[in-house]
Amino acid sequence: MSLLALSRRDWISTTAVLFSLSVELKQPRILPFRTLHRLPPVFRIPSFSSSRVSPPVLAVSSDVLHDAGATAAVLVGAYSLVRGFDNLTRRNLIQQNLSRKLVHILSGLLFTMSWPIFSTSTEARFFASIVPSVNCLRLVINGLSLTKDEGLLKSLTREGKPEELLRGPLYYVLILILSAVIFWRESPVGLISLGMMCGGDGIADIMGRKFGSKRLPYNQEKSWIGSISMFIFGFCVSIGMLYYYSVLGYLELDWVKAVQNVALVSLVATVVESLPIAEVVDDNISVPLGSTSIFSACFI
């Protein structure tokens, strides 16, 4: 009788342990970076209704109208940004190099921050990529001297030469296109890469030109203050972009690991930006490529 009671107690305790283990296994594990599958709220353009249109067709039409409107709004904003800095440069209110770098910083970051206003359809990323694609076409046309836009040259080039548009500025918009199409809102990789390219690299040039008296021993074109600024601002902008998308519900983050990972990516991107390879690979390619590579290799 005691043996039977003992077996029953063992069976009950074993069942309890197995049940607790099954509950633990069912608990979701929060990764350093995780894309949420729920759909966050997005800006919606009022849809039309018609008794002759079936609900699926109506939904598709609504998304297309939504994304078309968002594309038009971002295009107007991007054009206004460049024109605004062009006017400031013409009035000699800011220097041409400063204007160029401010456009470099703001255009990419504002474009990335505009992604949530697009719909949740799979085609939304392609609508968003139209914005840098239009700018890409403008750069190619002006870079080949098929037409001449003085404002564009003053805002985006160092010396006002059309062929300069076919280097750094063109690479810049190509990275924006690839980030939107490949990574979009589902991955922090694109957000961090653009944060380092726009925020880190942009601020590094401004600070380096203003306060960069002490040059790096292995690259006299770069300064200590520029590299330090690259790390600090690249890190802060990247964290800011992750926070922005986590608040909107696109990402769930383990912030301790997120900060550690972004710090490492920022360090690698800073080292890459400081290397004497600008004549071979432009910073607008090397910085986002280095950021993407280290993040993908270590954290995905």
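Student: How many helices and strands are there in the chain?
Tutor: The chain has ten helices and four strands, where helices (H or I, at least four residues) and strands (E, at least two) are DSSP runs numbered from the N terminus. This is a predicted model, in which local features need pLDDT of at least 70 and side-chain atom pairs count only at pLDDT 80 or more, while totals for chains, interfaces and linings use all residues. Residues are numbered from 1 along each chain as its sequence is written, and side-chain values use heavy atoms, with hydrogens and water left out.

Student: Why is N219 called buried?
Tutor: Buried means under 20% relative accessible area, exposed over 50%, and partly exposed in between (1.4 Å probe, protein chains only); N219 has 7% relative accessibility, and therefore counts as buried.

Student: What is N219 in contact with, leaving aside its neighbours within four places in sequence?
Tutor: With heavy atoms within 4.5 Å as the definition of contact, the partners of N219 beyond those neighbours within four places in sequence are S274, L275 and P276. N219 itself lies in strand β3 (residues 219–223).

Student: How do you know that the span of helix α8 agrees with its number of residues?
Tutor: The expected span is 1.5 Å times one less than the number of residues; for the 24 residues of α8 (residues 224–247) this gives 34 Å, and the end C-alpha atoms are 34 Å apart, so the two agree.

Student: Which residue follows α8 with a positive phi?
Tutor: That residue is G249, whose phi is near 95°.
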